[in-house]
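Visitor: I have a model open and want to learn to read it. Where do we begin?

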Amino acid sequence: EIRAMIFDLDGVITDTAKYHYEAWKLLADELGLPFDREFNEQLKGIDRIASLEKILSQSPDGGQFVTREQKQEWADRKNANYQLLIERVDESELLPGIMDLFEDLLAAGIPIGLASASRNARTLLQQLKLVSRFDVIVDPSSVAQGKPAPDIFLKAAEELGVAPHYCVGVEDAEAGIQAIKRAGMFAVGVGDADILSTADYIVSETRQLSLERINSHFFK
Ligand code: B16
Ligand code: MG
């Protein structure tokens, strides 16, 4: 049976992908680099510096001569853009169905973990008034490798004290589904079935998430 559920943040609990997009777009424009919504898809679930490196790889020299200090400065600039954009996020930006799912998990006694790559995750949960709902919030800077490596999901399971095969991971990004599968967990994908094809169960929108339905697919 399901003994824990571990959630991604951006794209699952709230739609911050649009703010990440705008913040990167501002930086990319300043640097004269191409960047559009399609390219932004590749950055979902990917940490800040790795995202920057993907954007820089679009420059004529592939960004190979950019120093580590310069990368840090640009990444900081993107984050400053992002923090301004998320300043006014509140409970109204919680994605549909999430609160109901949390209520059902609470009623069923199933603990909830957060496995977000975002260093802004705790701030966002505070603004969404959700911090107390989580039994565990993994600090992404505490794990060696970002998604698609399984580290952050494994850390969440360990902190919850639940073996991975009793855990369900919920993700909107391809890299995130890979991380869940590599952790040996049941993967629920939210979004495009073609992109998330390796998930064990896929819904197109958060409003379709229900504990009952996930349960009926769990390692079926
Ligand atoms: P930050 P998730 C990820 O969050 C985002 O999907 C990704 O686009 C972002 O670059 C990453 O967090 C790092 O975020 O710059 O705020 O530390 O989907 O894993 O919740
Ligand atoms: Mg995500």
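Guide: Begin with burial. A residue counts as buried if 20 or more other C-beta atoms lie within 10 Å of its own, exposed if 12 or fewer, and partly exposed in between. Keep in mind that this is a predicted model.

Visitor: Is K181 buried, exposed or partly exposed, and why?

Guide: K181 has 19 other C-beta atoms within 10 Å, so K181 is partly exposed. Its place is in helix 8, residues 174-182.

Visitor: Which residues does K181 contact, leaving aside neighbours within four places in sequence?

Guide: K181 is in contact with A187 and T198. For a sense of distance, take L56. The C-alpha atoms of K181 and L56 are separated by 29 Å, and the two residues are 125 apart along the chain.

Visitor: Now the core. Which members of the largest nonpolar core touch the most other members?

Guide: That core has 63 residues, and M5, I6, F7, F153 and A157 touch the most other members. Take I6. Beyond four places in sequence, I6 touches G113, A115, F153, A156, A157, C167 and G169.

Visitor: How many residues surround ligand 1, and which are the closest?

Guide: The shell holds 19 residues, and the closest are L9, D10, S116, A117 and S118.

Visitor: What are the confidence scores, ipTM and pTM?

Guide: The model scores ipTM 0.93 and pTM 0.94. Per residue, the mean pLDDT of the chain is 96. A pLDDT of 70 or more is reached by 100% of the residues.

Terms used
Residues numbered from 1 in each chain as written. Chains lettered and ligands numbered in written order. Predicted model: local features only at pLDDT ≥ 70, side-chain atom pairs only at ≥ 80, totals over all residues. Core = buried A, V, L, I, M, F, W, Y, C linked by C-beta atoms within 7 Å. Contact = placed C-beta atoms within 7 Å. Near = placed C-beta within 6 Å. pLDDT = per-residue confidence, 0-100. Helix = DSSP H or I, 4+ residues; strand = E, 2+ residues; numbered from the N terminus.
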